[in-house]
Amino acid sequence: MTANRQVFHEGERRVQQRAGVPGAYVERVSAYVRAAMPDQHVEFFGNQPVLFMGALDRQGWPWAVVTYGAPGQLCTATSSELLIRRAPPLADALELSLEPGARVGLLGLEMTSRRRNRLNGTVRSHDAEGIRVAVDQSFGNCPQYIQQREVDWQAGQEAPPVSGQVSIDSRVSRAMLAQADTFFIATRAGELGDSSHGVDISHRGGKPGFLHLNTDGSLSFPDFPGNRFFNTLGNIEQDPRVSLFIPDFVTGEALVLQGRGRVDWDPRRASLVEGAERIVDVVPEQVWHVENALPARGRLIERSPTLAQTGTWSKEAAGNAYRRLRIADKVRESDVITSLYLEPLATDDLPLKPYTAGQFLTVRLARAGHGGQATLTRSYSLSGAWHERASRYRISVKREAHGTVSRLLHDEYAVGDVLEVLPPAGDFVLRERPNAIVLVSSGVGITPMIAMLEAMVQRADAGETPPGEVFFIHSARNGREQAFAKMLNAWADRYRWLHLHIAYTRPTSEDALGKTYHSRGRLTLASLTAWLPDMTRSHVYLCGSEGFMRVQYAALLALGMPREHLHHEFFGRGSLESEESEPGAAAPQALPSHARVTFVSAFTRQNESSEAQAAVVEWTPAQGTLLDLAERAGLAPLSSCRVGRCGSCALRLVSGEVHYPVPPLAATAEGEVLLCCAVPAAEAPLVIRLSE
């Protein structure tokens, strides 16, 4: 190979970088990806009785299939070409495209010796003689995760495959998934004509049950440490279309499925399986059960010794994984806020996880972009109270002019579309009932407040002791932008303990003072002292825009509100506390005018370790948090809530000091930093490790 030969495409390089693989390692191992087969690979493929193949159908979807023949008669190999004398038996049923110019991925696997070799190539011809494939890439894989089996590849040569479509949660599918300790995955990258265009098939092994069926009908499997080429994950980075071939080597049957894959980099998710570095999720779209898929009848000799370092899915897996929920309804609450009602899929019979009013959902969705797909996560407060017979969640989202996810949810996602959602979380919830509760919000900050109020309404309707006095104060631009107005007015008319005050900063001609709202201009709590309860004995819950929160926080302390009685959900930057908000308080820490921040990728292999610079960036206060800085530098660190609640953006602080203008709610381990709410504390250089 030449020194400048590029063997990894853009998607593979992105995954390598995110996984912390040093450039020097990538350069070194590139030499093992050859443009021609070495002699040992020529001999190896020439003796194989079975080949696993990744090939595209006529719609461009990859499929993982198998072809077989007598040893020495299935293939003829040279250094530059492989002739496969028999097409995959499922080629016609799956409408595989095997004409000249088609790309294919091939894998030979010798289970007695645990040898495996890969070939990615281009079909030169397909005729009566067979499929002639030109070698584009040839490389071997290590024996990790391969189960040693004694297989009689001739046992079922004459039995034709019998296939039929099934659901992923059918009895036969569940049985095969439960016993599976091996499967093969086909992926693709690029479009026809692109330099990265190609198809790949790879082997995955684990303990039985490592391929996990989730309650929503999706599949998940752990990505264990390997050669760090990341061919499969790099392809998924560019194109989510995948196919799995899941065999039973005892009976010769298999599940063959097609779907969309996604890589989950959240370390909390990976921790659910011992030894996993990350998790791959697959949403099946077609599933076939194939009898006589393999001409094999085998017995297990020994599981891979490498599996001693791995585990199976923990009992917490179902409760901590993303779950696919269907958008059952979209309701426009105002000109800028729309509610999305989310329910389990028809195939998912697991009830929704209960929550406490005030908690939030973390939502994940994919967006196609240049060179691949981007995974986007955001957190939204649940805007309705939970009840025992609930079958839906409700989130209410404000369409922000520059908000990527909010615009997608408003403009592109429709009823019937699917979102991926983590279980409810958060601690902004009602405490023990004091004499009075004051709920203060602005804009979309009304969402957790309306849920809290609805929870109190439910208790009152159930005949429980009515809560103490409840004062609901909300500020909006005008009636067109205010959400839940009719609901609030109906409750205020019905319950004597509920007191309502609505302030509009810019009312329209349609708004009527004294009817649809109670005051005009910016909300000032000081003007409501005659109406408000004794603030020294009340509890206040505060949520809204940054400017609104700062003003109301200072006003509440000035009215004598004990700090421990003030609870807030803060979505802004900086701190609610200042010299003016509490007499005698220490001045906020002065920020440096600039700082050099180095993001490094970490890589550890056996006793060898090295670090490679991913980016060196100059920070100034105008650039915001360290998460903002990393994203401007083209990096993609994991993040979700972006306000210090979830802890998903925690990374290792190698050197330097950071400051949190807003103390995060999520706990951090010693030596870690939460990127989303941290800034440099001094001008001294700061070094942050992107991944372990």
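Me: Leaving aside its neighbours within four places in sequence, with which residues is G468 in contact?
Reply: In this predicted model, G468 is found in the loop between α9 (446-461) and β25 (469-476). Its relative accessible area is 26%, so G468 is partly exposed. With neighbours within four places in sequence set aside, the contacts of G468 are N435 and W497.

Me: What distance separates the C-alpha atoms of G468 and W497?
Reply: W497 is one of the contacts of G468. The two residues are 29 residues apart along the chain, and the separation of their C-alpha atoms is 6.8 Å.

Me: Which residue of β16 is the bridge partner of P222?
Reply: Strand β16 (residues 278-291) pairs with β13 in the antiparallel sense, over 5 bridges. Within β16, the bridge partner of P222 is I279.

Me: Which residues does Q16 contact, leaving aside its neighbours within four places in sequence?
Reply: Q16 belongs to helix α1 (residues 10-18). Its relative accessibility is 3%, so Q16 counts as buried. Beyond neighbours within four places in sequence, Q16 is in contact with F8, V21, V26, R228, F229 and F230.

Me: What is the phi of F230, given that it is not a glycine?
Reply: F230 is located in the loop between β13 and α5 (231-238). This residue counts as buried, because its relative accessibility is 10%. Although F230 is not a glycine, its phi is positive, at about 60°.

Me: How many residues apart in sequence are the parts that the pair of F8 and F229 ties together?
Reply: A search of the whole structure finds 16 aromatic pairs. In the pair of F8 and F229, the ring centres are 5.5 Å apart and the planes stand at 65°, so the pair is edge-to-face. F8 lies in the segment before α1 and F229 in the loop between β13 and α5, so the parts tied together are apart in sequence by 221 residues.

Me: Which strands do the buried residues of α3 pack against?
Reply: In helix α3 (residues 39-46), the buried residues are H41, V42, F44, F45 and G46. These buried residues pack against β1 (50-56), β3 (75-77), β4 (81-84), β5 (103-110), β6 (115-127) and β7 (130-141).

Me: How far from the centre of the ring of Y322 does the charged end of R364 sit?
Reply: R241 lies over the face of W61, at 5.7 Å from the ring centre. In a further arrangement of this kind, the charged end of R364 sits over the ring of Y322, and its distance from the centre is 3.9 Å.

Methods:
Residues are numbered from 1 along each chain as its sequence is written. This is a predicted model: local features need pLDDT of at least 70, side-chain atom pairs count only at pLDDT 80 or more; totals for chains, interfaces and linings use all residues. Side-chain values use heavy atoms; hydrogens and water are left out. Two strands pair if DSSP finds at least two bridges between them. Helices (H or I, at least four residues) and strands (E, at least two) are DSSP runs, numbered from the N terminus. Buried means under 20% relative accessible area, exposed over 50%, partly exposed in between (1.4 Å probe, protein chains only). Contact means heavy atoms within 4.5 Å. Rings of Phe, Tyr and Trp (its six-membered ring) pair if their centres lie within 6.5 Å; planes under 30 degrees apart count as stacked, over 60 as edge-to-face and the rest as tilted. A charge sits over a ring if NZ of Lys or CZ of Arg is within 6 Å of the ring centre and within 35 degrees of the ring normal.
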